[in-house]
Amino acid sequence: MFASTLLTIPPASAATIEDKIIYKKKVLLTYKVVDTITLNATDCKEYEIEYVIDKSIAYPAAYVTFGFSSKANNVSQSENVQPGDGKGSNGKDPWVGTKDLTFCGKAQQYTNEYGDKAEAAATPAGKYKLIARLTFLKPKLLTVSSKEHIITIKKV
């Protein structure tokens with residue numbers, strides 16, 4: 001169901017979460033993540049979200065946001081998917097693909113996908129919420145959300 005060129009092996013203690021957004025009896029988004037991230041004090045890890053979006057969904061009429069947050073740790077991060085064929089103002093992301101969130105054991109500088117210098121803050125251990133939202137901008141504004149999932153960040 002998920003096409004990926006990367007081999008992702010979840011940590012031994014991690015379980016896989018698979019969820020869907022269904023609207024009007026049609027599956028519009030399916031995504032898969034692991035429920036545990038283990039960080040050490042010296043590196044950063046990419047947290048991979050594998051997704052499949054129905055081909056009827058295309059940017060700029062609609063987009064998907066994966067949100068990751070913890071009120072207790074004052075941390076939030078999100079990644080948008082703008083599905084489309086890449087032509088003109090259409091979305092540049094594939095309908096089947098992956099998005100990554102970066103988590104670090106301590107603050108790290110890195111070069112982002114646009115070639116800019118950026119800094120990833122240290123991510124505290126704890127429980128975080130992950131939710132997917134499918135937002136339709138046209139013909140009228142509407143947001144459909146997935147279930148909220150708890151993701152645990154551990155430090156070794």
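Does Asp93 count as buried, partly exposed or exposed, and what is its relative accessibility?

Modeller: This is a predicted model, and what follows is computed from it. Asp93 counts as buried, at 15% relative accessibility; the cut-off for buried is under 20%.

The side chain of Asp93 meets that of Lys99 in a salt bridge, with 3.2 Å from N to O. Lys99 is buried as well, with a relative accessible area of 13%. Lys99 also meets the side chain of Glu79 in a salt bridge, and here the N to O distance is 3.7 Å. Glu79 lies in strand E6 (residues 75-81) and Lys99 in strand E7 (residues 96-104), so this pair ties together parts that are 20 residues apart in sequence. Glu79 has a relative accessible area of 18% and is buried. As a general point, side chains of opposite charge can pair when their charged atoms come close.

The count of salt bridges comes to four. Another one of them joins Asp54 and Lys26, whose closest N and O atoms are 3.4 Å apart. Asp54 lies in the loop between strand E4 (44-53) and strand E5 (62-70), while Lys26 lies in strand E2 (residues 26-34), so the pair ties together parts that are 28 residues apart in sequence. Asp54 is partly exposed, with a relative accessible area of 22%. Lys26 is likewise partly exposed, at 37% relative accessibility.

Strand E7, which holds Lys99, takes part in a link of another kind. The whole structure has one disulfide, formed by Cys44 and Cys104, with their sulfur atoms 1.8 Å apart. The link of Cys44 and Cys104 is right-handed, with 100° about the S-S bond. As for accessibility, Cys104 counts as buried, at 0%, whereas Cys44 is partly exposed, with a relative accessible area of 30%.

How values were computed:
Residues numbered from 1 in each chain as written. Predicted model: local features only at pLDDT ≥ 70, side-chain atom pairs only at ≥ 80, totals over all residues. Heavy atoms only, no water. Helix = DSSP H or I, 4+ residues; strand = E, 2+ residues; numbered from the N terminus. Buried < 20%, exposed > 50% of the residue type's maximum accessible area, 1.4 Å probe, protein only. Disulfide = S-S within 2.5 Å.
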